[in-house]
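Here is a short report on one protein chain. Look at the structure first, then read on.

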Amino acid sequence: MSIKSILIIALTTITFVAKAQQKFTKVKPTEEDKQTYAWNYEIECAGVGTDGMYLVKVYTISSKSKLDLEQAKKNAVHGVIFKGFPGKDGCKSQKAIATNPNVEYEKNDFFMNFFQDNGKYMKYVSLSNAGQIDAKDTKKVGKEYKIGVIVTVSKDALRKDLEEAGIIRGLNSGF
């Protein structure tokens, strides 16, 4: 076999492998993925949690009348990291953990993995009342539904892990 034949076979193999990788990396996002990255929700204080925890009510806004509890958990963690929430009924307002408003975009790869289904976000959130939804927390707004559920977010552990990953600055890091 000549060198020319070996080179042709090698180039053909490399091209085939590269095209196969492109095919597998272009996975079409599911409807759930689209909802996740639309971040269509509201978050508010739901009570005073134990040390290091936030008790929040997160309203997921969706075209579906049934709440996706995993999406609600993602929304709650996203809200604690990027939005914070206003005080109410004895609760204090809480600022977002991330002080840099661009960190979500600057660290996009990290957060895509963090918020994927069964991602690391699950480590910091749990449903209160076994995810039961009060009838008054389901509202139809135009063509969409706004459904609230109470969750607990472990904000101290979340902050610590985000600091260790270099995503946010520590409270004592200065300016």
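## Terms and model

Buried means under 20% relative accessible area, exposed means over 50%, and partly exposed lies in between (1.4 Å probe, protein chains only). This is a predicted model: local features need pLDDT of at least 70, side-chain atom pairs count only at pLDDT 80 or more, and totals for chains, interfaces and linings use all residues. Residues are numbered from 1 along each chain as its sequence is written, and side-chain values use heavy atoms, leaving out hydrogens and water.

## The chain

The protein chain has six helices and five strands. Helices (H or I, at least four residues) and strands (E, at least two) are DSSP runs, numbered from the N terminus. Their order is α-α-β-β-α-α-α-β-β-β-α. The chain has 175 residues, and 35% of them count as buried.

## Salt bridges

The structure holds eight salt bridges. Each is a side-chain nitrogen of Lys or Arg within 4 Å of a carboxyl oxygen of Asp or Glu.

One of them joins lysine 123 to aspartate 161, with the closest N and O atoms 2.9 Å apart. Lysine 123 sits in the loop between helix 5 (108-114) and strand 3 (125-127), and aspartate 161 sits in helix 6 (residues 155-164), so the pair ties together parts 38 residues apart in sequence. Lysine 123 is exposed at 61%. Aspartate 161 is partly exposed at 21%.

## A pair within helix 6

Glutamate 163 and arginine 159 also form a salt bridge (3.5 Å, N to O). They are four residues apart in helix 6, so about one helical turn separates them. Glutamate 163 is partly exposed at 27%, whereas arginine 159 is buried at 18%.
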